[in-house]
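Please open the structure in the viewer and keep the selection tool at hand.

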Amino acid sequence: MTVSPVDVVIFAPLAPLFGVLLFWFIQLLFIESQKYLLSKIWNRHKPLCRFTNFLGVLYQTICHALGYTVTKSGISNFYVSVDYGKVAPKKEKKGIFEWMSNSFLFIGPFFIPALLLLICFLLIKGSGVEIAQSIDYTFAEGLINFGTNLYAFSENLFLFLVSIDLLHPPHIGFLILLIFLGMGIRPSYIGEEKQRKVNMLYDLQNIKAHIFHKPLYILMLFLLAYVFSYISVLLKTNWYTSLLSIFGWLSIVAIVSLIIAHMIILLIKTTDEIPGHWRLLPFLTIPISYALMRFILPFLTQKEYIASIALFVMLISTIIVVFLLLKYTTNKLKTTTKMKESRIEDGPKRSIRK
Amino acid sequence: MDQNDLLESEHVEKRLSPHPLSFMRLQSLCLFLIIWGVLVGWLVNFSEYKDLLSGNEWFPVLVWGLGLLLVGVIASLLTIQWSIFFLYLGVFAGAVGLMFSQGWLVESGIFIPFYSVAISIIGFLIVELYRRSHKYIISSLRIIFKGGVITKRERTLRYDKITDIDAKQGIFGQIFGFGTIIPISQSGFGLGSDKSFAAGGVEVGTKKVGFLGLFGGGKEVQTPRARSYYELHGVYPYKEIKKLVENMVQGHVITPYQQDQVAFQKEQVDIQKQMRDLLKKQIDSKEDGEEPES
């Protein structure tokens, strides 16, 4: 196969960049959807919503503080509350340093907390992830390699999640961190009286303003990416694609955590429709069904399948309990009875006379 | 509060008690005990390190005890409260005593998590009992603080005696909407102090003849602090209660305009008194038939 030099020099470095942008955008969509769900439960679950907001503000403030630390501006004041966070530098630096610390503030929350979780995952898993090797260094190959790397990581992550052992303290710790990341990856609002709503547009506007504030820096960043890509080609390594694949992994970790957060918020939202103490039943089903399965399954199946089956049974039994409660305690999921039966119940007055 | 306890023309504005999560500092001690106990149980019985810990029957006890006491020391230093360390020391000593007396040392891997959970449940119950013993009554004339599990305490604070109001809301408070309000009285009730002390030593001389010197310095900072019985601890809804107390205090404080009015009235009364005395003197002199002095 002939490789076009134009492809290698101009287009190939863009392939993993497009991949990162795509997954980051998917992440943004999930965040927006999660905020919509949170707004639906705001009135009945204010403490939970405030907690998620606190997590979001905390991540954002830590990222900003990290930005000041990396640029050696120092931190003179660090303040975090449920609805507001503030970091003040010791030295006000301008130019590239200011731009870098702002990058940490605007883009950091999407990747830095997920990086922490990725490290935890790799530590628990105890082994690395296979990386695809580059041969031709073309645009198509770059895209395929990026996808392959993401697939390999996703496979590992999903295999771990479907066999997660909820009686294993490090596994529980990882799950809690995953839920915390998903719940508060971005705050819903900033300011005591919800002065500023933080949605997808707010984030995108901030990033756009940040990029157009200093377009030269973005150009430099692109140049740097191209130089790094050329070095990888010259040394016949896959460093460039691998580095950007890590950003893809971070997006996948964030997306998975957002999906889990969605499931939890949906469960809360659905159980709100169930009257009285019945609404507690689905929440009790979760630990009871899991514990019961963990007790019974060792007598029935092989050791390696116990955690997965117990998890599956826990999820299914919770869904069934929610559906049954919705059907029998609310007017939801009520189906119409057959017409013939209705006529008999209504009597002759309602029957059609010819 | 009984109606008989109320003063004349006094009425109750609010009856309060602390929020269930307002004693999180105490509850977290029990929470840690559960988590650490279960973790040690898992390490000894199920983890990949179980062979390391099952070498000697004392290993699990030592690991559990060391972890407990280490956290106790750190928490005590951070909160300047040595009772935390002694509490954990007591829990550890209790466990060792029970294992010895009952001969459960061999089964320490099973005993430790169960013991930790049992002690924590007792701890949670005691904290809840302690919380429920607090009662705060905000009336139209004063704030009444009542409490005590065994010994009953009561503090009454009139609004005109309040000089400052200190209010604080932690992260849990901000999430669940509760907070602590400390009314500081003119006598300084509601104020505590943070003490810090630094010391250094030096040894001069050889092994035979030595001199040991010790020097140090202390620092004390006044800070609003009171026992939970003497403050509005973890009250809900925080903002509403704070506004109510501030309004009450404001309603009982004489404003500068009112102070001027009082001074003016006092002046008027003094003048009237002087006039009265003068008139009395004139009347007396007339009755005696003397000419009044001009």
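Select B:Ile181 in this predicted model: its bridge partner in β9(B) is B:Leu232. Strands here are DSSP runs of E with at least two residues, and helices are runs of H or I with at least four, numbered from the N terminus. Strand β9 (residues 232-235) of chain B runs antiparallel to β6(B), and 2 bridges join them; two strands pair if DSSP finds at least two bridges between them.

Next, select strand β5 (residues 162-168) of chain B, which pairs with β6(B) in the antiparallel sense over 6 bridges. B:Ile162 stands opposite B:Ser185 in β6(B).

Now select residues 179-185 of chain B, strand β6. Is this strand buried or exposed? Because 7 of its 7 residues are buried, the strand is largely enclosed by the rest of the structure. Buried means under 20% relative accessible area (1.4 Å probe, protein chains only). B:Thr180, B:Ile182 and B:Ile184 point one way from β6(B), and B:Gly179, B:Ile181, B:Pro183 and B:Ser185 point the other way. In a regular strand the side chains alternate between the two faces of the sheet.

Finally, display both chains. The contact (heavy atoms within 4.5 Å) takes 12 residues from chain A and 8 residues from chain B.

Residues are numbered from 1 along each chain as written, and chains are lettered from A and ligands numbered from 1 in the order written. Local features need pLDDT of at least 70, side-chain atom pairs count only at pLDDT 80 or more, totals for chains, interfaces and linings use all residues, and side-chain values use heavy atoms, without hydrogens and water.

Methods. Buried < 20%, exposed > 50% of the residue type's maximum accessible area, 1.4 Å probe, protein only.
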